[in-house]
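Subject: Structure handover and findings

Hello,

Please load it first, then read the notes below.

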Amino acid sequence: MSDAVDVVVERADALLGFGRPDEARTVLTAAVAGAPDDVRLWAMLARAERARHDHAASRVAAERALAIDPEHAGAMWTRLNALLDTNERLEAKRAADRLLDRSPDWAQAHLLWAFAHTRWSRAKRTITEEQIWPLADVPRAAAALDRALELAPHDAVLLADAAGCYRALSWTDETYRPQATAALDRALELDPNNEWVMLAAGSAMHAPGRVANAAQVLAQHPTSWEALRRVDHGVWNLVSIPVAIVTWLLLASVLGAHVAAGGGANVVTKVLGWAVTGIVALWVLVAEVNSFVTFPRGLLRRTARRIPLVPVVLVLTAVTWIAGTGIAVVLLAGIVPPDGDAVAALVAALAVALLLESAARSGVTIARRRTQVRSGLWTGPVADRGRRREDDSDRTGALLSGLAALAAWLLVALSAPSVGSWAAWSVPLLLAARVFVFRFSAELLRAAGGRRRPRAVVDAVLAGVFAAAAVGAVGMQVATALGVV
């Protein structure tokens, strides 16, 4: 039986080496059914589940191995990784201490000890975080990294991981930044084409460089899920963020114009209006223009060819931003009187721009999800967790849009009637449409095998109803401006 187990373990190890963890898992699952007390099979199964990014299953298999042999270093290593990946930091720290006591001359034990005792956040420390990651752990974690590199100076992947850990430590103490750079440079020198090493190099870059790096990794490793995720995230952020910013500028401008035309303008509303207009203008001119200038040109052109909606939305966003900013300045500066034909025409133009920009934003939201699903980004265990995170993000967006719609309805109801009333009523209606666009987007992620769930149809219909109502409100505003009604 021992020989048969050896064969299974060797085969599974080879399958993992060739990047076929699903097959390794199938082989090992069948083997443990016949030999449930063999620690080697459970330890190897834990490795296979880790390669599949199923951290819960990896932990279960590792704990089965440790129940048979509490001193099995490989199973301890896999269980510790599972604890780190599921953010069970206190238990991970205890497991790291045990692993280091068991294997004091193993580089991976020192590396994982450093990982477990490092705070991976740039944000200000809270009292709870200070208890979990005291400042005294910083030099101890750095010493553990030093020892890991001393024991395995030619392991490129370990060097890349150590570089990331040094970089996290440098957020607390800048003196560790040179070690991070040196470890990463050494990793690239040893194995410049390794997928993990290349991605680690990209992690140290700013957003445009990170996207370019991920595109390079994807060219060499077409099955790299993390590289695909980074490219996708970078491309869609480049498109969707300016669209969202300009949409909120127009929302604020339409509501502000409504209040001003009704005679309700005061110092507070004018200050808020100037603040919103100025911040958006600076953001677009500085942050967004710089993002487009530094973004990889080839990637943007390829995206524009694959998804014709992208260049249309970008042009529309630029036009609506210029028009919206100009009209907002005219209204805020009091260049036109607060009532009359001139302000009615301006508000009508603003309402049409808002309608177009909102349509673009909804189109981007849905196109992004459809593209992600069709590209295969959400296949596999690690992708499944990413899908759930994006699903939560869409549902949070629906909640925020709903709250914003209620606030907008209240503002319109309480402010005085004016020539901008119909345009102002389009704001809560469009926000309500966004609620169901987000919900429909979430359903796209949740749909199995491309099948549409009934809830998605309901959400699409409701989004259409509110959008049609908003179009009608804008139509009435245009008719008012033209003197038809």
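Two notes on sources. This is a predicted model, in which local features need pLDDT of at least 70, side-chain atom pairs count only at pLDDT 80 or more, and totals for chains, interfaces and linings use all residues. Residues are numbered from 1 along each chain as its sequence is written, and side-chain values use heavy atoms, with hydrogens and water left out.

**Overall**

The chain has 21 helices and 0 strands. Its C-alpha atoms fill a box of roughly 90 × 50 × 45 Å along the principal axes. Of its 485 residues, 47% count as buried. Buried means under 20% relative accessible area, exposed means over 50%, and partly exposed lies in between (1.4 Å probe, protein chains only). A contact means heavy atoms within 4.5 Å. Among contacts with a separation of 6 or more, 67% are between residues 24 or more positions apart.

**The second largest pocket**

A pocket is found on a 1 Å grid over the protein atoms alone, using points where a 1.4 Å probe fits; it is an open set with protein on both sides within 12 Å along at least five of seven lines, and its lining residues have an atom within 4 Å of a point. The volume is the space filled by probe spheres set on the points, which are joined across faces, edges and corners.

The second largest pocket holds about 500 Å³ of space. Its lining has 25 residues, and Ala252, Ser253, Leu255, Gly256 and Gly273 lie nearest the centre. Which helices supply at least two residues each to this lining? They are α14 (225-261), α15 (267-294), α17 (309-332), α19 (381-414) and α20 (421-446). The largest share, 9 residues, comes from α14. By class, the lining has 19 nonpolar, 5 polar and 1 charged residues. Here Ala, Val, Leu, Ile, Met, Phe, Trp, Tyr, Cys and Pro count as nonpolar, Asp, Glu, Lys and Arg as charged, and the others, Gly among them, as polar.

**Nonpolar cores**

In soluble globular proteins, nonpolar side chains tend to be buried together. A nonpolar core is a set of buried Ala, Val, Leu, Ile, Met, Phe, Trp, Tyr and Cys residues joined through side-chain atoms within 4.5 Å.

The largest such core has 68 residues, and Leu28, Leu41, Leu80 and Leu145 have the most contacts inside it. Helix α10 (residues 156-170) gives the most to this core, with 9 residues. A second, separate core has 34 residues, including Leu250, Ile327, Leu350 and Leu430.

Leu28 touches Val8, Ala12, Leu41, Met44, Leu45 and Ala48, leaving out residues up to four places away in sequence. Ala61 lies in helix α4 and is buried, at 3% relative accessible area.

**Salt bridges**

The whole structure has 31 salt bridges. A salt bridge is a side-chain nitrogen of Lys or Arg within 4 Å of a carboxyl oxygen of Asp or Glu.

- Asp22 and Arg52 meet at 2.7 Å, N to O. Asp22 lies in helix α2 (residues 21-34) and Arg52 in the loop between α3 (39-51) and α4 (55-68), so the pair ties together parts 30 residues apart in sequence. Asp22 is partly exposed at 48%, while Arg52 is buried at 16%.
- Asp105 and Arg147 have their closest N and O atoms 3.7 Å apart. Asp105 lies in the loop between α6 (89-102) and α7 (107-116) and Arg147 in helix α9 (residues 137-151), so this pair ties together parts 42 residues apart in sequence. Asp105 is exposed at 60%; Arg147 is partly exposed at 26%.
- Glu390 and Arg369 have their closest N and O atoms 3.0 Å apart. Glu390 lies in helix α19 and Arg369 in helix α18 (residues 341-374), so the pair ties together parts 21 residues apart in sequence. Arg369 is buried at 4%.

Shared partners also join Arg59, Glu63, Arg79, Glu88, Glu91, Arg94 and Arg98 into one salt-bridge network.

**Around Ser441**

Is Ser441 buried or exposed? At 0% relative accessibility, Ser441 counts as buried. Ser441 is found in helix α20. Beyond residues up to four places away in sequence, Ser441 touches Thr365, Arg369 and Asp394.

Best wishes

Technical notes: Helices (H or I, at least four residues) and strands (E, at least two) are DSSP runs, numbered from the N terminus.
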